[in-house]
Every structure is written in structure tokens, then in C-alpha cells.
Amino acid sequence: MQTLFHCLPFRNQVLLWKPANKEKYYLLNELHDLFKSMVAAKGTRGVMNHKRFIGRIRAGNQLFNNDEHHDSHEFVSWMIDEIHMNVIE
């Protein structure tokens with residue numbers, strides 16, 4: 001998430017997102033909230049609380065709703081596909 005946050009075009013588009021339909025766009029809504037929190041905490045040191053984001057991803061996708069190991073590549077591929085399929089219609 002830090003890598004995507006520091007990709008300015010991606011971050012700016014996520015931050016410009018207007019939260020919408022909570023079920024259909026849950027990923028973007030949560031990503032928007034996470035990035036807003038990261039911007040707000042940018043001047044502080046410490047750990048970001050990501051539990052809400054992870055919990056919502058698990059609730060919305062059976063693939064990640066387990067304790068199995070998942071590669072970051074697997075997650076990012078799913079996330080980009082999900083954004084593409086649900087937002088760029």
C-alpha cells in the first residue's frame with residue numbers, strides 16, 4: 001500500500017474518488033479512507049492502523065478471507081482488476 005500511496009497519479013485519483021455505493025465500490029471506498037488517513041498522518045511517526053481495510057477486503061472477497069499466505073503481487077493484481085471491472089465501465 002505504501003508503494004501505491006507514493007505513486008502520485010494513483011494516489012491523486014484515489015483521493016479524488018467520491019465514496020459511492022458501499023457494496024459495489026467497497027474496495028475504492030476503503031482505499032480512499034486509508035489514503036486519507038495516510039495523508040493526515042504523514043507528519044507523524046508510527047504505524048498506520050490497517051485493520052479496517054484488511055477486514056473489509058476479507059469480508060468482500062473470499063480469496064483473501066483466510067489465514068493463507070498471499071503474495072503482494074496477487075493482491076495488487078486482484079485490486080487493479082477489481083478497480084478496472086467496477087469503476088471503468
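## Contacts and overall fold

Contact here means heavy atoms within 4.5 Å. Among contacts between residues at least 6 apart in sequence, 52% join residues at least 24 apart. This is a predicted model, in which local features need pLDDT of at least 70 and side-chain atom pairs count only at pLDDT 80 or more, while totals for chains, interfaces and linings use all residues. Residues are numbered from 1 along each chain as its sequence is written, and side-chain values use heavy atoms, with hydrogens and water left out.

The protein has 5 helices and 0 strands. Helices are DSSP runs (H or I, at least four residues) and strands are E runs of at least two, numbered from the N terminus. Of the 89 residues, 31% are buried (under 20% relative accessible area, 1.4 Å probe, protein chains only).

## The nonpolar core

The largest nonpolar core holds 20 residues. Such a core is a set of buried Ala, Val, Leu, Ile, Met, Phe, Trp, Tyr and Cys residues joined through side-chain atoms within 4.5 Å. Those with the most contacts inside it are Phe10, Leu27, Leu31, Phe35, Ile57, Trp78 and Met79. Two or more residues each come from α1 (2-5), α2, α3, α4 (51-60) and α5 (72-87). Helix α3 gives the largest share, 7 residues.

Take Leu31. Beyond its neighbours within four places in sequence, Leu31 is in contact with Met1, Phe10, Val14, Phe53, Met79 and Ile83.

## Where α2 meets α3

Helix α2 (residues 8-16) packs on helix α3 (residues 26-40) at an angle of about 110°, with axes 8 Å apart. That makes the pair roughly perpendicular (65 to 115 degrees). Phe10, Arg11, Val14 and Leu15 of α2 make the contact with Leu28, Leu31, His32, Phe35, Lys36 and Val39 of α3.

Technical notes: Axes fitted to C-alpha atoms, helices over the stretch in contact; angles between N-to-C directions. Parallel < 35°, antiparallel > 145°, perpendicular 65-115°, else oblique. Buried < 20%, exposed > 50% of the residue type's maximum accessible area, 1.4 Å probe, protein only.
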